[in-house]
Amino acid sequence: NLGSTGYSAKENSAAPAASDAVFSDVQDSSSYYYTPVYWAQKKGIAMGFSSDTFGTNTICTRAQIITFMYRLFGNGGVPSQACPFTDVSKDIYYYNAVNWAYSHHITTGTTASTFSPDKSCTRAQIVTFLYNYLGKGQTYQTSVFQDISRNSYYYNAVNWAVSRGITSGTTSTTFSPDRTCSRAEAVTFLYWSAKS
């Protein structure tokens, strides 16, 4: 029973209850995302994509990733100001999450008036969201990745994420910044952010 956002009914709730469900697509304990997925589930950060799957390879939207961050770091806080984005309605499940992210300078949106909640989130975007909340201001002179340009908006964010052990890239020399971020990758980034 999936909604238009690709969330199950329980995922759409503002504060999902923790579950002990076993996901049929998260069985291999040696996979990079095994521990992060079940950690996220126990913490109530990300529940199942369906009754018995996590949706490990399903692409995360910008709204979903901000919601995951809000559940981990936001502590239910609701900013007093109105959300500035015209594409984020007050009755949508991610309203408080996006508003929280905006008030904490995690995101300024895709334009001054839009957040683009249903757009797929890239790997560069998620590490930038995390950097803006946890590592803002830290700068780096060199990068281990050949596909990260010094003048890119995510240069410091990616290098910060590497320095904190949040990611080691898609290969030893590439980060793949424009690749879309899967649910498995999203909770893995969050897991290592919380542990670092």
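Biologist: What does R179 form a salt bridge with?
Modeller: With E185; this is a predicted model, and in it the closest N and O atoms of R179 and E185 are 2.5 Å apart.

Biologist: Is R179 buried or partly exposed?
Modeller: R179 is partly exposed, at a relative accessible area of 40%.

Biologist: And E185, buried or exposed?
Modeller: E185 is buried, with a relative accessible area of 8%. E185 belongs to a network in which salt bridges with shared partners join R123, R179 and E185.

Biologist: How many salt bridges does the structure hold?
Modeller: The structure holds 2. One of them is R179 with E185. Another pairs the side chains of R123 and E185, at 3.1 Å from N to O.

Biologist: Where do R123 and E185 sit in the chain?
Modeller: R123 is in helix α4, residues 123-134, and E185 is in helix α6, residues 183-195. The two are 62 residues apart, so the pair links distant parts of the chain.

Biologist: R123, buried or exposed?
Modeller: Buried, at 3% relative accessibility.

Biologist: Changing topic. How many disulfides are there?
Modeller: There are 0 in the structure. C60, for one, is in no disulfide.

Biologist: Which cysteine sulfur is nearest to C60, and why is that pair no disulfide?
Modeller: The nearest is that of C181, 6.2 Å away.

Biologist: What about burial of C60?
Modeller: C60 is buried, with a relative accessible area of 0%.

Biologist: And C83, buried or exposed?
Modeller: C83 counts as buried at 13% relative accessibility, because the cut-off for buried is under 20%.

Notes
Residues numbered from 1 in each chain as written. Predicted model: local features only at pLDDT ≥ 70, side-chain atom pairs only at ≥ 80, totals over all residues. Heavy atoms only, no water. Disulfide = S-S within 2.5 Å. Buried < 20%, exposed > 50% of the residue type's maximum accessible area, 1.4 Å probe, protein only. Salt bridge = Lys/Arg side-chain N within 4 Å of Asp/Glu carboxyl O. Helix = DSSP H or I, 4+ residues; strand = E, 2+ residues; numbered from the N terminus.
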